[in-house]
Amino acid sequence: MAETSMHGHGGGGVLRLVLGDQLSDGLSALTDLDPARDVVLMAEVRDEATYVGHHKQKIALIFAAMRAFALRLEARDIVVRYVRIDDPDNTHSIAGELERALSDQPFEAVVMTECGEWRLAEALSAFARSSGVPCDIRHDERFICSHDRFRRWASGKSQLRMEFFYREMRKETGILLDDGQPVGGKWNYDAENRKGLTRGVRPPARLRTPPDAVAVEAIADVERLFPDHFGTTDAFGWPTTAAQAEAVLADFLSEVLPRFGDWQDAMALGEPWMWHGLISTSLNLGLLDALDVCRRAEAEFRAGRAPLNAVEGFIRQILGWREFVRGIYWLKVPEYRQRNFLDADRELPWFFWSGETDMACVADVVATTRDNAYAHHIQRLMVTGNLAMLLGVHPDPVDDWYLSVYADAYEWVEMPNTRGMATFADGGIMGSKPYAASGAYIDRMSDYCGSCRYDVKAKTGENACPFNRLYWGFLERNRARLRDNVRLAMPYRTLDNFGPERRAALLAEAEAARLLLGAVVRPG
């Protein structure tokens, strides 16, 4: 698996690019491949590994999965030009490796599948314009909703809401429908999926994937070449092949999915996985097919092995949320990257990286993020995301943090979730209100508060839960921007009843907490 594998391959044919998150046998760039004449290009480059300081496990995962996929192609007698990260001739950019391949051997054309990030898409479009050979950039058919389909759905709408998009996707795919109507009579069972952690209930043991020989080598390369990147690789356990991903999915469907609905929002100290699928890395790499995953989850319900609230909630995350955030991203970039609706102006506190904080919830989420390159969606949204928003952290470092630390993070899925949901920087494109909450929410949904040095019942003072100290000040600080939001009418009525003196005191309390936690004003 190296450039030498293509020696002796005749000229002509098509150069076919496969990116690190396009590891699918059915990739559109490969559908009409001629093994006798075509060459597949795959490249590990520093441009992609370092545009943010990606978690070591994320880089190792992608490199290992790429190398395994290349071996899979070669086993089918497909010629692969594979450029490793430490190849001395590596140009360390995708466009550079395309240009180098064309200079080394004549090709009739270049074929690729559209990429997932606007930054790289711009670079590849520029390459296509200047390459001197025909370039075919094909649609990524692994997603259920195409860019054009999403634009048609969004056209003319004053608000874009995932719930209504999700219903359209249900109708188009027929998933969880009986005679055109939603199974059970409702589209959404989210109200049944918000149980707080019950004493004595512990999550099931989970199937993890010990690194095989290819992954062990990739991990060693990452530790050698990216020693200063965030995170550890000691607990690496992510699937790097389609077969490994299938095993994790099968285990989830049979052993975990039945209780997923009940406990999907719950959090517990030292329990990183809970009842979550652990398949987002495999979906985003292309090792699993999203529509197939949804249909198999539906089959568990139809067979009576999993309840409707669990299956619908799981399917909604893929068929609804995953497709929706991708649609929003490509509908709104590049302008979306500049949005800062709340005029947030603070630095991201260092404890987001170090975990050195007395807040038990934050310390636990950062620790599991460091050790596993993972935290589940409520930890991301209602602990780290909620805190960053209450602190008024500028959305740029928040984007960079989420994109850096999670193994499943690619800009198309990360940015709408963080700039939209977590920080409300988009002003309501993604969600109808900011997901701001005090410590009471975390107390209700977890066991974190029992071991925390802060008092979740106290509203003010240095011993009070920082979420409590920040919450009312956040609302008061953003009164002009949020007061007319109908979903915030109740907290603003409460705030109004406090009177001007108490509101001023709450602002001062929040500012003191912001400074104490290290959320200082950004320079410039």
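In this predicted model, Val14 stands opposite Ala109 of strand β4. The two residues belong to a pairing in which β1 (residues 14-17) and β4 run parallel, joined by three bridges. On to the next neighbour: β4 also pairs in the parallel sense with β5 (residues 135-138), here over four bridges, and Thr113 has Arg138 of β5 as its bridge partner. Between β4 and β5 the chain passes through helix α4 (residues 118-130), making a β-α-β crossover that is right-handed.

How enclosed is β4, and on which faces? Five of the five residues of this strand (residues 109-113) are buried, so β4 is largely enclosed by the rest of the structure. Ala109, Val111 and Thr113 are buried on one side, while Val110 and Met112 are buried on the other, so that both faces are covered.

Attention now turns to helix α10. Its 13 residues (290-302) should span 18 Å at 1.5 Å a residue, and the 19 Å between its end C-alpha atoms agrees with this. Buried residues of α10 are Ala290, Val293, Cys294, Ala297, Glu298, Glu300 and Phe301. Viewed down the helix axis, they fall within an arc of 150 degrees and therefore line one face of α10.

At the start of α10, a side-chain oxygen of Asp289 comes to within 3.3 Å of the backbone nitrogen of Leu291. After the helix comes Gly304, with a positive phi near 80 degrees.

Note on methods. Residues are numbered from 1 along each chain as its sequence is written. This is a predicted model: local features need pLDDT of at least 70, side-chain atom pairs count only at pLDDT 80 or more; totals for chains, interfaces and linings use all residues. Side-chain values use heavy atoms; hydrogens and water are left out. The expected span of a helix is 1.5 Å times one less than its number of residues. Buried means under 20% relative accessible area, exposed over 50%, partly exposed in between (1.4 Å probe, protein chains only). The arc is that of the directions from the helix axis to the C-beta atoms. A polar contact is a pair of N or O atoms within 3.5 Å; within protein, one must be able to donate a hydrogen and the other to accept it, and residues adjacent in sequence count only if both atoms are side-chain atoms. Two strands pair if DSSP finds at least two bridges between them. A crossover is right-handed if, with the strands pointing away from the viewer, the path from the first strand over the helix to the second runs clockwise.
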